[in-house]
Amino acid sequence: MEFEEKTLSSQSIYKGNLIDFAVETVQLPNGKTAKRELVKHPGAVAIMAITDDEKMIFVKQYRKAVDQVLLEIPAGKIDSTDKSPLETGKRELEEETGLSAEIFELETSFFTSPGFADELIYIYTARELTQVETPRAQDEDEFIELVYLTFDEAWDAYEKHLIYDAKTVYALIAWKLKKATE
């Protein structure tokens, strides 16, 4: 059976600073048509920043979409000036934490919600962190606090639903798997 849906038409509904919305009419494999409401996103990068004393750095921030304060790994959207996801990751690490890293290792990439969005997120581990003398400024609408957690503290935060987003939950699982092989 063929699964591909062929786009018959696409209508832009809204173009925002972060995402765009479109409605597409598609032809289904059985020949019928359907509407697909889609979120277009340029992609993002998240960083598992691990300190020399084996703590992971999280950013504490309020997320309006869920009306909740969450702990998340540093992350940000890929913008048109970035030459690669790694460049985005280095920029975001510096903007959100004031740090740079000697070692960046790609962990994985995945679609965050492929049922309605095309956002692809890359996750890197960053090690050998150093303070940047004059770090890039945070976005003016960004209010964050850095939180350094041990492995056990991070899992406790997860159990309390302070860590509750997919990229950060993935980071915890990846951290656990790495610890199991050490």
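Asp79 is partly exposed in this predicted model, with a relative accessible area of 27%; buried here means under 20% relative accessible area, exposed over 50%, and partly exposed in between, using a 1.4 Å probe and protein chains only. As this is a predicted model, local features need pLDDT of at least 70 and side-chain atom pairs count only at pLDDT 80 or more, while totals for chains, interfaces and linings use all residues. Residues are numbered from 1 along each chain as its sequence is written, and side-chain values use heavy atoms, with hydrogens and water left out.

Asp79 forms a salt bridge with Arg91, and the closest N and O atoms are 3.5 Å apart. The term covers a side-chain nitrogen of Lys or Arg within 4 Å of a carboxyl oxygen of Asp or Glu. Asp79 sits in the loop between strand 7 (75–77) and helix 1 (85–97), and Arg91 in helix 1, so the pair ties together parts that are 12 residues apart in sequence. Helices (H or I, at least four residues) and strands (E, at least two) are DSSP runs, numbered from the N terminus. Arg91 itself counts as buried, at 9% relative accessibility. Arg91 also meets Asp82 in a salt bridge, at 2.6 Å from N to O, and Asp82 is another buried residue, at 12% relative accessibility.

Elsewhere, the side chains of Glu105 and Lys178 come together in a salt bridge at 4.0 Å, N to O. Glu105 belongs to strand 8 (residues 99–111) and Lys178 to helix 3, so this pair links parts that are 73 residues apart in sequence. Both partners count as partly exposed: Glu105 has a relative accessible area of 41%, and Lys178 is at 25% relative accessibility. Over the whole structure, the search turns up 15 salt bridges.

Next come the strands. Two strands pair if DSSP finds at least two bridges between them. Strand 1 (residues 6–15) and strand 2 (residues 20–27) pair in the antiparallel sense over eight bridges, and a hairpin of four residues joins strand 1 to strand 2. Lys15 has Asp20 of strand 2 as its bridge partner. Strand 2 then runs antiparallel to strand 3 (residues 33–40), again with eight bridges, and here Glu24 stands opposite Arg36 in strand 3. The hairpin between strand 2 and strand 3 has five residues between the strands, and Gly31 in the turn has a positive phi of about 95°.

A further three strands form an open sheet in the order 6-5-10, with antiparallel pairing. Strand 6 (68–72) and strand 10 (145–149) stand at the edges with a single partner strand each, so one side of each is left without a neighbour in the sheet. From one strand to the next, the twist averages 30°. Strand 5 (residues 56–63) pairs with strand 6 in the antiparallel sense over five bridges, and Lys60 stands opposite Leu71 in strand 6.

Two helices lie across this sheet. Helix 2 (residues 151–159) lies across strand 5, strand 6 and strand 10, running at about 120° to strand 10. Helix 3 (residues 166–180) lies across strand 5, strand 6 and strand 10 as well, but runs at about 160° to strand 5. Axes are lines fitted to C-alpha atoms, for helices over the stretch in contact, and angles run from 0 to 180 degrees between N-to-C directions; contact means heavy atoms within 4.5 Å.

As for how the helices meet, the axes of helix 2 and helix 3 come within 11 Å and cross at roughly 145°. Helix 2 supplies Phe151, Ala154, Trp155 and Tyr158 to the contact, and helix 3 supplies Val169, Leu172, Ile173, Trp175, Lys176 and Lys179. By class, that makes eight nonpolar, no polar and two charged residues, where Ala, Val, Leu, Ile, Met, Phe, Trp, Tyr, Cys and Pro count as nonpolar, Asp, Glu, Lys and Arg as charged, and the others, Gly among them, as polar.

Finally, Tyr124 is found in strand 9 (residues 120–131) and is buried, with a relative accessible area of 9%. Leaving out residues up to four places away in sequence, the residues Tyr124 touches include Val45, Met48, Pro85, Phe104 and Glu105. Pro114 is 10 residues from Tyr124 in sequence, and the two are 21 Å apart in space, C-alpha to C-alpha.
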